[in-house]
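Student: Could you take a close look at the aromatic side chains of this structure and the parts that surround them, with the criteria stated as you go?

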Amino acid sequence: MLSMEAIAGRRKSQEPVERVMFSVKALYGLSRESVRMPLSKKQSIDSGQICVTIDPEASGDGNIGVIDYTERADCGGKLKVRYAVQAVFPGLYDLVRSGSHDPTLFYPVRIVATDECTLTADRSGWHALGCLDFLPGSVWAGATGG
Amino acid sequence: MLPYLTARAPWFTFLVHPRDPSDLMLAGVGSVLREYSEGEEDFQRKSCSLPPLVVGEVAVGSNAVRGELVVAMCLPRDIMSRAGQRAVIAAAQMSAQRGTRVLGLGALASPATGGGALLLDELPPSVTVTNGNAYTAAVAKHNVVEACAILQHTPPTCRVAVVGCTGSVGVATSKLLADAGFDLLLVGRSASRARTLLGSLADRATFAGDLAAVRGAEIVLLLTSDPSAKLVPEMVSAGAIVIDVAQPLNIAPEHRGAFRRRGIDVVQGGIVEIPGYRCSYEMNMPARGAFACMAETYLFAREGIREHSVGRPGAEFALHLERLARKHGVAPMALDITRPQGLAPQLVAAGS
């Protein structure tokens with residue numbers, strides 16, 4: 001029979017939580033390495049470090065992720081996250097300066113990043129593997145990268 | 001704020017394309033692509049492989065109506081092909097994804113898509129399409145009336161050649177000019193087609209399929225830049241005024257000198273002034289000037305017009321847009337002609 005006590009008991013009982021959803025409110029990132037970007041069959045340029053910050057123009061509803069703490073032998077869990085960022089390529093400074101090119105290459109671009117991450121065994125951090133989709137409107141549109 | 005960075009949906013989008021290879025340099029990345037290209041052909045190929053770009057923002061005073069300028073990276077020589085059509089459609093769909101309410105077509109984006117009709121199946125119903133030709137027709141007629149006054153003529157005695165009379169601007173313009181009482185010479189690719197489309201004007205117009213027929217006209221109105229309709233100075237009578245409304249221009253600015261030396265004024269028409277108009281992208285326009293087709297796109301957004309204007313607009317709709325333009329302070333820009341006051345040029349036979 002359902003009683004007030006039974007309902008209160010249900011509320012108090014704690015189910016083990018293995019999955020936690022979260023939203024991304026702020027983000028700042030700097031890549032460790034440069035990316036080679038092809039310009040022709042023979043020539044390419046270095047992007048330099050890529051600097052990303054959360055995209056203030058994007059809908060916050062899209063910045064969301066889930067951590068799965070299910071025990072695994074190889075890691076402390078998995079994490080999937082999708083977020084919108086604006087990125088700049090400060091490494092293009094030399095290219096633009098040397099050729100007196102239009103500085104619009106420095107302008108930020110909008111990107112949606114999707115990462116699949118592996119939590120470290122002690123759950124103090126994670127290793128991310130993701131892909132970037134450049135949004136329409138800029139010369140980078142349609143480009144993808146990981 | 002860079003235009004492509006904002007997530008605010010524009011009220012309207014004006015879709016254009018590079019008018020010639022020099023416009024490719026305006027894409028920002030142009031000089032880099034040129035440096036890393038093997039010759040001009042490779043540069044053009046790379047530039048035209050770029051996706052559609054949001055290159056500028058249009059604002060009108062403190063009005064909330066805000067627009068964007070989107071470029072389909074396709075040169076005029078290719079835009080009438082299937083690839084060109086696809087480039088225009090891709091740019092239109094990107095504009096729709098950005099939330100635009102009104103899509104206006106500049107230069108050859110309209111003829112490449114059947115006057116905009118082909119876009120209707122490619123876009124969501126929330127987007128209204130206008131090819132901008134109705135208000136362009138009204139402004140072209142206004143340009144002719146102004147040129148007639150400069151020549152100190154009155155419509156019944158002023159012979160006006162309309163080159164491109166069967167096009168989507170040409171049909172409405174021809175009817176407006178006929179209503180204004182001008183003596184018309186209507187030039188199309190074929191005289192019979194012109195007669196079929198504009199037969200109701202037969203009592204006020206003669207029809208021709210040959211560009212050479214413009215000789216003797218006091219005013220030549222160019223509404224097409226088709227290679228078969230390229231005007232050369234020898235075709236035009238000295239003292240005439242040529243109004244070039246075509247985009248790309250029928251007569252490139254560097255060729256105007258040859259006309260001038262024969263006493264022929266060549267001016268760009270189809271340009272209007274919009275109070276408080278600002279565009280963050282340099283389109284090599286006269287100061288404060290905007291294309292009439294861009295102004296029509298703005299008027300659609302401002303007035304909340306939800307009916308498409310594709311194909312050939314009617315003269316009545318052109319007049320309706322002219323009234324709306326007046327209501328919002330949009331007016332044709334004066335022709336850039338300076339002739340001595342009181343000196344009416346003598347019209348002499350070309351070649352003399």
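Tutor: What follows goes through the ring pairs, then the helix packing, the charges over rings and the cysteines.

This is a predicted model, in which local features need pLDDT of at least 70 and side-chain atom pairs count only at pLDDT 80 or more, while totals for chains, interfaces and linings use all residues. Residues are numbered from 1 along each chain as its sequence is written, chains are lettered from A and ligands numbered from 1 in the order in which they are written, and side-chain values use heavy atoms, with hydrogens and water left out.

Rings of Phe, Tyr and Trp (its six-membered ring) pair if their centres lie within 6.5 Å, with planes under 30 degrees apart called stacked, over 60 edge-to-face and the rest tilted; over all chains, this gives 2 aromatic pairs. In one of them, Phe12(B) and Tyr298(B), the ring centres are 6.2 Å apart and the planes stand at 65 degrees, so the pair is edge-to-face. Phe12(B) belongs to strand S1 (residues 12–16) of chain B and Tyr298(B) to helix H9 (residues 292–303) of chain B, so the pair ties together parts 286 residues apart in sequence; here helices (H or I, at least four residues) and strands (E, at least two) are DSSP runs, numbered from the N terminus. Both Phe12(B) and Tyr298(B) are buried, a term for under 20% relative accessible area, with exposed meaning over 50% and partly exposed in between (1.4 Å probe, protein chains only).

The rings of Phe300(B) and Phe317(B) also have centres 6.2 Å apart, and with their planes at 85 degrees this pair is edge-to-face. Phe300(B) lies in helix H9 of chain B and Phe317(B) in helix H10 (residues 315–327) of chain B, so parts 17 residues apart in sequence are tied together. Phe300(B) is buried at a relative accessible area of 0%, whereas Phe317(B), at 24%, counts as partly exposed.

Helix H9(B) also packs against helix H5 (residues 133–150) of chain B, at an angle of about 130 degrees and with the axes 7 Å apart, where axes are lines fitted to C-alpha atoms, for helices over the stretch in contact, and angles run from 0 to 180 degrees between N-to-C directions. That makes H5(B) oblique to H9(B), since angles under 35 degrees count as roughly parallel, over 145 as roughly antiparallel, 65 to 115 as roughly perpendicular and the rest as oblique.

The charged end of Arg34(B) sits over the ring of Phe43(B), 4.3 Å from its centre, by the criterion that NZ of Lys or CZ of Arg is within 6 Å of the ring centre and within 35 degrees of the ring normal.

As for cysteines, 0 disulfides (pairs of cysteine sulfur atoms within 2.5 Å) are found over all chains.
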